[in-house]
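Subject: Structure for you to look over

Dear colleague,

Here is the structure I said I would pass on. Please have it open while you read; my notes follow below it.

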Amino acid sequence: MKLVTATDVWYTQQKTLDEIADKLGVVAYRPNYHGAEGDKNTVLFYLKEDEAHNRKVDRQPVRYSRSEAKGRGVDVNSECVYRDYFWSFENSDVNGQLDMGWANNGKLNLRSLDWKTKLEGSITFAFARKMQFSYVHSTGGYWALREADKTYNDWNREQLRALKMMHGRLFLGSINFHGDQRKKVVAGKEGIYEELLDQMVYNFGCDFAVPTPDKELEKLIRAWNEDERLPKKLVDVEAMTGRVEQLGGINLIWY
């Protein structure tokens with residue numbers, strides 16, 4: 001029986017990161033301090049165009065990080081400003097200490113049987129959000145998006161797929177119900193969650209997604225639908241969307 005060494009574990013993890021980067025068409029970049037004393041095997045993930053831009057910045061006589069450029073309070077030539085990574089990896093436990101069994105301050109358990117799937121889900125989710133934001137920016141902002149914008153909505157679906165990879169299971173939900181369905185929801189005769197399996201998620205098919213059904217969120221949504229007063233209270237909206245985020249879920253906007 002072959003003894004698995006720390007070097008074997010390191011190699012497998014690093015190889016997996018490269019494989020995921022290849023699959024997504026992005027760059028897994030290892031900074032010059034990667035592997036140095038005090039480093040936790042840091043790997044930064046960039047869009048290919050952002051990594052290519054940063055290599056050009058390397059050749060400039062004066063260079064700034066994005067935060068440094070912003071802090072100067074004057075316009076800085078973008079050719080001298082590094083672009084940010086969209087996700088980063090490090091071997092660290094909940095206390096921020098180097099630990100090959102965990103990643104990103106204990107957020108990823110690298111000892112679990114499905115660690116590769118969860119790792120890919122985490123990177124894919126960040127990638128989908130980055131791509132969706134970049135798409136919105138390229139179109140002129142949210143107000144410029146087209147009705148039933150396929151590109152934007154497909155990135156929503158990709159985020160849902162990635163979340164399911166991250167958590168193993170994912171539950172879709174809506175906030176507003178109407179007609180007889182609303183009466184059943186208010187009366188507690190109909191649930192508010194639908195598990196994401198292999199079904200197509202259509203535009204406006206859900207308002208949020210969470211990794212596990214939650215009674216507190218369900219109670220807030222039932223109360224929201226029971227209250228017929230208009231206008232609705234913003235504080236109630238914030239309570240529901242905030243609860244979704246607390247659960248590690250996502251609130252969705254569709255076009």
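Two aromatic rings of Phe, Tyr or Trp are taken as a pair if their centres lie within 6.5 Å, with the six-membered ring used for Trp. On that basis F45, F86, W87, F127 and W155 form one aromatic cluster. Please keep in mind that this is a predicted model.

Aromatic pairs

Nine aromatic pairs turn up in a search of the whole structure. One of them is F86 with F127: the ring centres are 5.9 Å apart and the planes lie at 50°, so this pair is tilted. F86 sits in the loop between α3 (66-71) and β3, whereas F127 belongs to helix α4 (residues 115-139), so the pair ties together parts that are 41 residues apart in sequence. Both F86 and F127 are buried.

Strand β2 covers residues 43-47, and five of its five residues are buried, so the strand is largely enclosed by the rest of the structure.

β2 has two strand partners to look at. With strand β1 (residues 26-29) the pairing is antiparallel and runs over four bridges; here V27 has Y46 of β2 as its bridge partner. With strand β3 (residues 87-89) there are three bridges, and the two strands again run antiparallel. L44 has S88 of β3 as its bridge partner.

The four-stranded sheet

An open sheet of four strands has the order β7-β6-β8-β9, and its pairing is antiparallel. β7 and β9 are the edge strands, each pairing on one side only. Between β8 and β9 the antiparallel pairing extends over two bridges, and F208 has N251 of β9 as its bridge partner.

Helix α5

Helix α5 (residues 150-167) has 18 residues and reaches 26 Å from its first C-alpha to its last, close to the 26 Å expected at 1.5 Å a residue. Its buried residues are Y152, N153, W155, N156, R157, Q159, L160, A162, L163 and M165. The buried residues of α5 pack against α4, β6 (171-173), β8 and β9 (250-251).

Helix α7

Helix α7 (residues 215-226) has 12 residues, and the distance from its first C-alpha to its last is 16 Å, close to the 16 Å expected at 1.5 Å a residue. L217, E218, I221, R222, W224 and N225 are buried in α7. They cover an arc of only 160° around the axis, which puts them on the same side of α7. As background, an α-helix has 3.6 residues a turn, so residues three or four places apart point the same way. K215, K219 and E226 are exposed on the other side of α7.

What do the buried residues of α7 pack against? The elements are α6 (179-186), β7 (193-195), β8 (208-210) and α8 (234-246). W224, one of the buried residues of α7, also has K232 over its face, at 4.7 Å from the ring centre.

Two residues with positive phi

Phi of N104 is near 55°, a positive value in a residue other than glycine. N104 is found in the loop between β4 (102-103) and β5 (108-109), and with a relative accessible area of 13% it is buried. F204 is not a glycine either, and its phi is positive at about 65°. F204 is in the loop between β7 and β8. Is F204 buried or exposed? F204 is exposed, with a relative accessible area of 57%.

E79

E79 is found in the loop between α3 and β3, and is partly exposed, with a relative accessible area of 36%. Leaving aside residues up to four places away in sequence, E79 touches H53, V57 and Q60. E79 and Y255 are 176 residues apart in sequence and 34 Å apart in space, C-alpha to C-alpha.

Regards

Technical notes
Residues numbered from 1 in each chain as written. Predicted model: local features only at pLDDT ≥ 70, side-chain atom pairs only at ≥ 80, totals over all residues. Heavy atoms only, no water. Buried < 20%, exposed > 50% of the residue type's maximum accessible area, 1.4 Å probe, protein only. Pairing = 2+ DSSP bridges. Phe/Tyr/Trp six-rings, centres within 6.5 Å; stacked < 30°, edge-to-face > 60°. Lys NZ or Arg CZ within 6 Å of the ring centre and 35° of its normal. Expected span 1.5 Å × (residues − 1). Arc of directions from axis to C-beta. Contact = heavy atoms within 4.5 Å.
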